[in-house]
Amino acid sequence: MIDWSAQRVIVTGGGGFLGKGVCATLRARGVTEDRLFVPRSKHYDLTDEAACRRMYDEAFGSERASVVIHLAGEVGGIGAYRARPAEFFHRNLVMGAHVLEHARTSGVIDAGGRYVLVGTASSYPAEAEVPLKEEDFWRGYPDAGGAAYGLAKRALAGMLRTYHQQHGLACAHVLPINLYGPGDHFDSESAHVVPALVGRMVQAQERGEGLVCWGSGNATREFLYVDDAAEAIVRAAERVEAPEEINIGPGRETSIRELVETMGEVVGFEGSIEWDTTKPDGAPRRAVDVSRAQKLLGWSAAVDLKTGLARTVADYRERRVSR
């Protein structure tokens, strides 16, 4: 186990939704503010190699980082991925390659430092059996809708393996499933399913209106509370030294219909709910096998869906009032 009070930690993307949770978890472990560095994009454009090199130079002065958690990325919805696939592939690939290479050139690896790459379940092959198992990670092409992002992250996973092989880098590759929780992005036009639904349902309740949901509601997904994901990532930094893939998810599939009904209970929704079956369901199932995370990290998700949704809805309502 790591003595976190003695570590100097860089968290790229530490100002984002998941990144804030990771930083909070690190602070709870004993990482002090002067030993936690979160590079902001306005100061460090990580797609610029010189800026990335400067990040390592300036993070802790003459001392080097001992743990790097790479969360930063350029993400979007399916429409954006289809419209600008080269842009998403290039920016994510280059950003991750610079962060990993300059962990080497700045001395992180030589000093026995650790590196955690946070990837995406979108990197899995489109034809992989559900629940997704880590041994199938490399066995096919990702779904076309998110392939640009998923392939870039998969390439970085391959790069991580080579740095472990040639330079002895202690590292881990963590693959979260759909995240949700307080602090998420609730814009219904670009948000993922849980935050988009929160915004739509709360506003429909306030207006006394009904809600129309896409598809039949029968498709299943997994929804992982953000603090549970953060705990898994920090445990990976503590316990794993080889670049094998590690799925993290709640270990329970939830139908979209159940999600909507549970959300309705939390919101106190009194309107009608209709299902527009002319709209697509998407993939019938999407879930990950988490037995490796349980074995290697001693980790299981702690926050059940209803509790997590209640906290998320409360956060959304509080942020709307404070605007």
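**Charged pairs, rings and cores**

Author: Arg27 has a relative accessible area of 38%, so the residue counts as partly exposed; buried means under 20%, exposed means over 50%, and partly exposed lies in between, with a 1.4 Å probe and protein chains only. Please keep in mind that this is a predicted model, in which local features need pLDDT of at least 70 and side-chain atom pairs count only at pLDDT 80 or more, while totals for chains, interfaces and linings use all residues. Residues are numbered from 1 along each chain as its sequence is written, and side-chain values use heavy atoms, with hydrogens and water left out.

Reader: OK, and which side chain meets Arg27 in a salt bridge?

Author: That is Glu33, and the N to O distance is 2.4 Å; a salt bridge here is a side-chain nitrogen of Lys or Arg within 4 Å of a carboxyl oxygen of Asp or Glu. Glu33 is exposed, with a relative accessible area of 53%.

Reader: How many salt bridges does that rule give?

Author: The count comes to 20 salt bridges. One of them joins the side chains of Arg8 and Glu63, at 3.7 Å from N to O. This pair links distant parts of the chain, 55 residues apart, with Arg8 in the segment before strand E1 (9-12) and Glu63 in the loop between H2 and E3. Helices (H or I, at least four residues) and strands (E, at least two) are DSSP runs, numbered from the N terminus.

Reader: Is Arg8 buried or exposed?

Author: Arg8 is buried, because its relative accessible area is 16%, whereas Glu63 counts as partly exposed at 43%.

Reader: Which residue does Arg161 pair with?

Author: Arg161 forms a salt bridge with Glu245, and the closest N and O atoms are 2.9 Å apart. The two residues are 84 apart in the chain, Arg161 being in helix H5 (residues 147-167) and Glu245 in strand E10 (residues 245-248). Glu245 is buried, with a relative accessible area of 2%, while Arg161 counts as partly exposed at 35%. Beyond such pairs, salt bridges also link Arg29, Glu231, Arg235 and Glu238 in a network.

Reader: Switching to rings, how many aromatic pairs are there?

Author: There are 7 aromatic pairs. Rings of Phe, Tyr and Trp (its six-membered ring) pair if their centres lie within 6.5 Å, and planes under 30 degrees apart count as stacked, over 60 as edge-to-face and the rest as tilted. Phe37 and Phe60 form an edge-to-face pair, with 6.3 Å between centres and 65° between planes. Phe37 lies in strand E2 (residues 36-37) and Phe60 in the loop between helix H2 (49-59) and strand E3 (67-70), so this pair, whose members are 23 residues apart, links distant parts of the chain. Both Phe37 and Phe60 are buried, and together with Tyr44 they form one aromatic cluster.

Reader: What about Phe137, what lies over its face?

Author: Arg154 lies there, at 5.6 Å from the ring centre; a charge sits over a ring if NZ of Lys or CZ of Arg is within 6 Å of the ring centre and within 35 degrees of the ring normal. Phe137 is buried, with a relative accessible area of 0%.

Reader: And how many residues are in the largest nonpolar core?

Author: The largest core has 71 residues, and Val22, Leu26, Ile69 and Tyr115 have the most contacts inside it. A nonpolar core is a set of buried Ala, Val, Leu, Ile, Met, Phe, Trp, Tyr and Cys residues joined through side-chain atoms within 4.5 Å. Helix H7 (residues 226-239) gives this core its largest share, 8 residues. A second, separate core has 26 residues, including Val260, Phe269, Leu305 and Leu309.

Reader: Last one: where does Cys52 lie?

Author: Cys52 lies in helix H2, and at 0% relative accessibility it counts as buried. Leaving out residues up to four places away in sequence, Cys52 touches Leu46, His98, Val99 and His102, where contact means heavy atoms within 4.5 Å. Cys52 and His98 are 46 residues apart in sequence, yet 6.4 Å apart in space, C-alpha to C-alpha.
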